Amino acid sequence: MSVVRFGVSLEKELLKELDAYVQDNQLANRSQGIRHLLSNNIVKKKWLCNNIVAGSLTLVYNPQKRGIINKLANIQHDYHKVILSSQHFHLDPDNCLDIIAIKGKAAVLTELADKLRSLKGLQHGMLTMSKAD
């Protein structure tokens, strides 16, 4: 992929917002900031258009909660076609972390995430999506 240079004209206030975005996200320069913003916008559009996207589900839960492990496994089996891989970590005696790599239509991944995040006993669940192409 080759890089193309071009000029951009912005209002002062918008430029200040871009500079703040670059600083807040610890990016090296404005070009990286613009690339980051454009990429996020493209991913969001693909997500809304129900395109094929890739992503991850991060779940934190107490494995001692009644039935949560079986419920997590059953839901994941129902969505085996979109689950690429999963990792399980023991954070401490009362908390586990699962990271599930996924790829598929955005609506299906969102549906999977919603089902997992709605389980009683789940402390935290986050879906992150990115472009798959």
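Which side chains meet in a salt bridge at 3.6 Å, N to O? The first view has the answer, and the others follow.

This is a predicted model, in which local features need pLDDT of at least 70, side-chain atom pairs count only at pLDDT 80 or more, and totals for chains, interfaces and linings use all residues. Residues are numbered from 1 along each chain as its sequence is written, and side-chain values use heavy atoms, leaving out hydrogens and water.

**View A. Glu 13 and Lys 16 form a salt bridge.** Their side chains meet at 3.6 Å, N to O (a salt bridge is a side-chain nitrogen of Lys or Arg within 4 Å of a carboxyl oxygen of Asp or Glu). The two residues are three apart in helix 1 (residues 12-24), so about one helical turn separates them; helices are DSSP runs of H or I, at least four residues, numbered from the N terminus. Glu 13 counts as exposed at 52% relative accessibility, and so does Lys 16 at 55% (exposed means over 50% relative accessible area, buried under 20%, partly exposed in between, with a 1.4 Å probe and protein chains only).

**View B. Asp 19 pairs with Arg 30 in a salt bridge.** The N to O distance here is 2.7 Å. Because Asp 19 lies in helix 1 and Arg 30 in helix 2 (residues 30-48), the pair ties together parts eleven residues apart in sequence. Asp 19 is partly exposed at 30%, as is Arg 30 at 41%.

**View C. Asp 114 meets Arg 117 in a salt bridge.** Their side chains come to 2.7 Å, N to O. Both residues lie in helix 4 (residues 106-117), three residues or about one turn apart.
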